[in-house]
Amino acid sequence: MRNLQPLIFDPHPHVNFIYGDNGSGKTSILEGIAVMASGKSFRTNQLKHVLAHDNDRMEMRFSIEDPDMGVCEMESLRLKAGDHLLKLNGSVLTSQAEAAHWLPVQIIEPNTFKLLSGSPEERRAFIDWGVFHVEQSFMEQWKTFRKHLKQRNAALKQKEEEWLDVWNAGFIEAAEHIDNERQAYLKRFKPEFKRILNELDPSISVTLAYYPGWEKDSRLADVLSRQQERDMTLGYTQSGPHRAELRIKCDKQPASEILSRGQQKTVVSALKIAQGSLFQQESGRRTIYLVDDLASELDEKHRFALCKLLEDLKCQVFITSIDKEKLTDVWQPVASKVFHVEHGKLEECTE
Ligand SMILES: Nc1ncnc2c1ncn2[C@@H]1O[C@H](COP(=O)(O)OP(=O)(O)OP(=O)(O)O)[C@@H](O)[C@H]1O
Ligand SMILES: [Mg+2]
């Protein structure tokens, strides 16, 4: 992938530092792990850009140690034409969600602040990561909901009022299911987030407010019937969990409008670490953290606080930086390996 030469990477089960010059291939290594876990890159929406220019296929094989499964092998083969084959212990996986289940990954990188300033979809995906990793049936519930939404929207477009009554019941049931799961998750998540943010930076104070996607304190059934005419004119459903939002505020203002870039990175890091920590407490399994360009936007004090929290979680982390010193000057974890990347070649530093 990208500029990486074929490589065998034997990372430490806890902390891995990866350093190297601009353009050497550090982000590409983390990107590879992200693509395996989620089928997506945090750098591009088009995976064809991830494949090396002079190659039409990309192959990755991971050995994963899991407390439930023991050691398992995950393989991914991607062709430039778009075909993709994913296998777990030799059996073909039909959904990326299964890979995500075995390889839970959280990413903190320079564009992470988009979780605050980007579209509500990003924050919905954030909540849903947390729900999905504890409650696997959530994916099925979500698929059911999408099916009902599609049926409902088709009826709205065709102005088939009699069909709306038929689809509404299923739509409402699926919607409320998703909403209940999200609310229950956030109730557990909020105190953990508060604790982690306080450890990263006690001077930052933000609040999380969940909006289900329809008028607060109203029944979805009532909202749908009130909005039916307008829905019909628009040809789609205005209210439902597909329009949910997690509002992240600072002094009653959107946090993205008030906080500095470094503060935003701290808040997003707290969100992601809290999510991994809660996942660990509830499932007994651990998240893998990919921290790309640790030093960007963070001063020494904040770098240290972030690294310390990751160390305390005892999960596996991959942290990149341009200088070795930016990594090791603030933090010398006992259990770690250091790697150097140069022109797409990765080597472990043993001294
Ligand atoms: N599809 C591709 N095929 C080959 N090379 C690519 C491809 N896409 C990007 N590159 C090159 O891969 C190199 C590695 O990029 P990468 O972003 O991993 O570097 P980096 O070490 O993270 O750099 P930085 O410190 O600037 O973040 C870059 O030189 C880039 O131009
Ligand atoms: Mg990079």
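A residue counts as buried when its relative accessible area is under 20%. In this predicted model, leucine 47 has a relative accessibility of 17%, so leucine 47 counts as buried. Leucine 47 belongs to the loop that runs between helix 1 (26-38) and strand 2 (57-66).

Leaving aside residues up to four places away in sequence, leucine 47 touches Val35, Gly39, Lys40, Ser41 and Arg78. Leucine 220 stands 173 residues from leucine 47 along the chain, and the C-alpha atoms of these two residues are separated by 38 Å.

The shell around ligand 1 contains 16 residues, of which Gly23, Lys26, Thr27, Ser28 and Arg43 come nearest.

Several polar atoms of the protein lie beside atoms of the ligand. Lysine 26 places a polar side-chain atom 2.7 Å from an oxygen atom of ligand 1. Threonine 27 likewise has a polar side-chain atom 2.7 Å from an oxygen atom of ligand 1. In the case of leucine 51, a polar backbone atom is involved, and this atom is 2.9 Å from a nitrogen atom of ligand 1. Ligand 1 taken alone exposes 660 Å², and the protein buries 71% of that area.

Arginine 285 is located in the loop between helix 9 (261-283) and strand 10 (288-291). Is this residue buried or exposed? Its relative accessibility is 5%, so arginine 285 counts as buried.

Two polar contacts involve the side chain of arginine 285. One, at 3.0 Å, joins this side chain to the side chain of aspartate 66. In the other, a polar atom of the arginine 285 side chain lies 2.8 Å from the backbone oxygen of histidine 101. When residues up to four places away in sequence are not counted, arginine 285 touches Asp66, Pro67, Asp68, His101, Trp102, Pro104, Phe279 and Gln280.

## Salt bridges across the sequence

Side chains of opposite charge can pair when their charged atoms come close. A search of the whole structure finds 20 salt bridges. In one of them, the side chains of glutamate 31 and arginine 2 meet with an N to O distance of 2.7 Å. Glutamate 31 lies in helix 1 and arginine 2 in the segment before strand 1 (15-19), so this pair ties together parts that are 29 residues apart in sequence.

The two partners have their own accessibility values. Glutamate 31 is buried, with a relative accessible area of 0%, whereas arginine 2 is partly exposed at 25%. Arg2 and Glu31 are also linked with Arg43 in a network of salt bridges; Arg43 is listed among the residues that come nearest to ligand 1.

Which residues form salt bridges with arginine 195? One partner is glutamate 192, with the closest N and O atoms 2.8 Å apart. Both of these residues lie in helix 6 (residues 161-200), three residues apart, which is about one turn of the helix. Another partner is glutamate 199, where the closest N and O atoms are 3.1 Å apart. Because arginine 195 and glutamate 199 are four residues apart in helix 6, about one helical turn separates them.

Arginine 195 itself counts as partly exposed, at 39% relative accessibility. Glutamate 192 is buried, with a relative accessible area of 8%, while glutamate 199 is partly exposed at 41%.

Key:
Residues are numbered from 1 along each chain as its sequence is written. Chains are lettered from A and ligands numbered from 1 in the order in which they are written. This is a predicted model: local features need pLDDT of at least 70, side-chain atom pairs count only at pLDDT 80 or more; totals for chains, interfaces and linings use all residues. Side-chain values use heavy atoms; hydrogens and water are left out. A residue is near a molecule or strand if one of its heavy atoms lies within 4 Å of it. A polar contact is a pair of N or O atoms within 3.5 Å; within protein, one must be able to donate a hydrogen and the other to accept it, and residues adjacent in sequence count only if both atoms are side-chain atoms. Accessible areas come from the Shrake-Rupley method with a 1.4 Å probe; for residues, only the protein chains shown count as cover. Helices (H or I, at least four residues) and strands (E, at least two) are DSSP runs, numbered from the N terminus. Buried means under 20% relative accessible area, exposed over 50%, partly exposed in between (1.4 Å probe, protein chains only). Contact means heavy atoms within 4.5 Å. A salt bridge is a side-chain nitrogen of Lys or Arg within 4 Å of a carboxyl oxygen of Asp or Glu.
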